[in-house]
Amino acid sequence: FDEILDGYGEGFKRISKSIVVLLMIYTVLEFSIIYPTIPFFVDKILGLGSNVFTLFASGALTSLFVPDFQFVLSLVGSVFKSFSNVNAAALALQSAFGLIGFIAPTSLALVLGLSMLDIKFKDWFKYIWKFVLALLVVICVILAIVMYI
């Protein structure tokens, strides 16, 4: 029984840092829901025009503060009615969420992985920023092609 308790204690010590980080990420989500500043900025961005690039920008902004794609979709998803090409709109929103997931400090998978592997966010960002920039260019080219085909 003592071995079980010791094993439980060791496991809890290893995972406790990651649990605290996840709680902080979900605290950001709760503040995003309670104080609706993100919908205000999303409305301002989407007010610039209804195209895949404004949808991508609003999806990226929302994804930066929200770790849950369902909430991103609930904020930005109402715009889908105005698009003639719904598949391009869905691609833009999913691409924004995935791209921001590489660098956002509120990305659950990223922060959990970095905290469990003891990698500093600053080191990760130095390593990944060129790749993310290249992905952004590729996504913009693909969205332009999909939208105009």
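Which residues line the largest pocket?

The model is predicted, with local features requiring pLDDT of at least 70 and side-chain atom pairs pLDDT 80 or more, while totals for chains, interfaces and linings use all residues. Residues are numbered from 1 along each chain as its sequence is written, and side-chain values use heavy atoms, leaving out hydrogens and water.

**View 1. Lining of the largest pocket.** K17, V21, M24, I25, P105, V111, L114, S115, I119, K120 and F121 line the largest pocket. The elements giving two or more residues to this lining are α1 (2–34) and α6 (108–116), and α1 gives the most, with 4 residues. Helices here are DSSP runs of H or I, at least four residues, numbered from the N terminus. A pocket is an open set of points on a 1 Å grid over the protein atoms alone, where a 1.4 Å probe fits and protein lies on both sides within 12 Å along at least five of seven lines; lining residues have an atom within 4 Å of a point. The volume of the largest pocket is about 210 Å³, counted as the space filled by probe spheres set on the points. By class, the lining has 8 nonpolar, 1 polar and 2 charged residues.

**View 2. Packing of α2 on α3.** Helix α2 (residues 37–46) and helix α3 (residues 52–65) pack at about 165 degrees, with axes 9 Å apart. Axes are lines fitted to C-alpha atoms over the stretch in contact, and angles run from 0 to 180 degrees between N-to-C directions. The two helices are therefore roughly antiparallel (angles over 145 degrees). I38, F41, V42, I45 and L46 of α2 contact T54, L55, A57, S58, L61, T62 and F65 of α3, where contact means heavy atoms within 4.5 Å. This contact has 9 nonpolar, 3 polar and no charged residues.

**View 3. Crossing of α3 and α5.** The axes of α3 and helix α5 (residues 86–100) come within 8 Å and cross at roughly 35 degrees. Residues of α3 in the contact include F56, G59 and L64, and those of α5 include A92, A96 and I100. By class, the contact holds 13 nonpolar, 3 polar and no charged residues.

**View 4. Packing of α4 on α5.** Helix α4 (residues 69–76) packs with α5 at an angle of about 140 degrees, the axes lying 11 Å apart. F69, V72, L73 and V76 of α4 meet L93, Q94 and F97 of α5. The contact of α4 with α5 has 6 nonpolar, 1 polar and no charged residues.

How values were computed:
Nonpolar A, V, L, I, M, F, W, Y, C, P; charged D, E, K, R; others polar. Parallel < 35°, antiparallel > 145°, perpendicular 65-115°, else oblique.
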